Amino acid sequence: MLVTFGDGATSEGEWHESLNFAAVHRLPIVFLCENNEWAISTHISMQMAQPDVAKRAAGYGMPGVTINGMDPLACYAAVRDALQRARSGGGPTLVEGKCYRFLSHTTDDDDRTYRPQEEVAERRKDDPVPAFEALLTGHGVLAAKEATALKQSILDEANDATDRAEAVGYAAPASLREHVYGDGYEPWQ
Amino acid sequence: MGVAEAFERYGLSDERLVQMLRTMLMHRTLEARGFQLNRQGKIPFASSGEGHEAVQAGAAMAFARGRDILVPYYRDVGLVLGVGLTP
């Protein structure tokens, strides 16, 4: 099993209980923390005194691995190894991918109210998407023309999905009650 | 480092490397689209994993669909795209 969460979640009691239980029973779980340094408006320095989430793994008796979350290949290798350990009966692993949240938490949040935009601009230099594209084109895995075509096909697919979603319209209000209870139980009648 | 050497240690074919890039690009595109639609008043809410594309695409590539169980969180658009959810 692969379960994911952010840095903020690791302050929850449930998180600690889960890791302890998983380690005691050697459950086949990979706990992947996508540490983007911001839990909505709480910076990681206000979230925890130990900035490396993976170091907590030792406290529970499981392996902890910290990786560069901006490197997709390093992330692939770490999660692959952890999943193999889980599948072969080796128990759980805590993997921490250090990345960054470039935008606000959601559309209801405005990060300009709690963090300097200079920090965001500085971290933007580590943007993993153009970096990986440059890595692949630079090593001849993908030609520049193919990269352009790939991006166009992605845009086409996104546009098509948007159009189809807009065409579907809203669900009927009566459907609100579907799949809430099973076996025909309808307490609202 | 030669072409093959840079990626050999990961055991990933060119096709799978491009697939990872595709997942990352689609992740970026769909979430930007979500913010656009919200600002246009068409959807009430969107979150963004911009910056998380690498960790999610890497994890998705390691995941064995049909064998492993995935329990993602709200910011995992790239991860679920990578394991097969369509836009």
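Is R101(A) buried or exposed? At 0% relative accessibility, R101(A) counts as buried. Please keep in mind throughout that the model is predicted.

Let me stay with R101(A) for a moment. The partner of R101(A) is D109(A), with which it forms a salt bridge whose closest N and O atoms are 4.0 Å apart. D109(A) is likewise assigned to the buried class, since its relative accessible area is 16% and the limit for that class is under 20%.

D111(A) and R115(A) form a salt bridge, and here the closest N and O atoms are 2.9 Å apart. D111(A) has a relative accessible area of 7% and is therefore buried. R115(A), at 3%, counts as buried too. In general terms, side chains of opposite charge can pair when their charged atoms come close. Over all chains, the count of salt bridges by this rule comes to 20.

I turn now to the interface.

Between chain B and chain A the count is 5 salt bridges. One salt bridge between these chains joins the side chains of E157(A) and R22(B), with an N to O distance of 3.3 Å.

Another salt bridge is formed by the side chains of K42(B) and E166(A), at 2.8 Å from N to O. K42(B) lies in the loop between α2 and α3 of chain B, while E166(A) lies in helix α7 (residues 144–168) of chain A, so this pair joins two chains. Regarding accessibility, K42(B) counts as partly exposed at 43%. E166(A) is also partly exposed, with a relative accessible area of 41%.

The residues linked in it are R124(A), D127(A), R28(B), E50(B) and E53(B).

The next topic is the sheet. In what order do the strands of the open sheet stand? The sheet has 5 strands, in the order β5(A)-β6(A)-β2(A)-β1(A)-β1(B), and the pairing is parallel. At the edges stand β5 (64–68) of chain A and β1 of chain B; each has a single partner strand, so one side of each is left without a neighbour in the sheet.

The step from one chain to the other can be given in detail. Strand β1 (residues 2–6) of chain A pairs with β1(B) in the parallel sense, over 2 bridges. L70(B), in β1(B), is the bridge partner of L2(A). As a general point, strands of a sheet pair through backbone hydrogen bonds, either parallel or antiparallel.

Which phi value does R26(A) have? Although R26(A) is not a glycine, its phi is positive, at about 50 degrees. This residue, R26(A), is found in the loop between α1 (13–24) and β2 (30–35) of chain A. With a relative accessibility of 53%, R26(A) counts as exposed.

I40(A) is also not a glycine, and its phi is positive, at about 55 degrees. The location of I40(A) is the loop between β3 (38–39) and β4 (42–43) of chain A. At 41% relative accessibility, I40(A) counts as partly exposed.

That concludes the presentation. Thank you for your attention.

Technical notes:
Residues numbered from 1 in each chain as written. Chains lettered and ligands numbered in written order. Predicted model: local features only at pLDDT ≥ 70, side-chain atom pairs only at ≥ 80, totals over all residues. Heavy atoms only, no water. Pairing = 2+ DSSP bridges. Helix = DSSP H or I, 4+ residues; strand = E, 2+ residues; numbered from the N terminus. Buried < 20%, exposed > 50% of the residue type's maximum accessible area, 1.4 Å probe, protein only.
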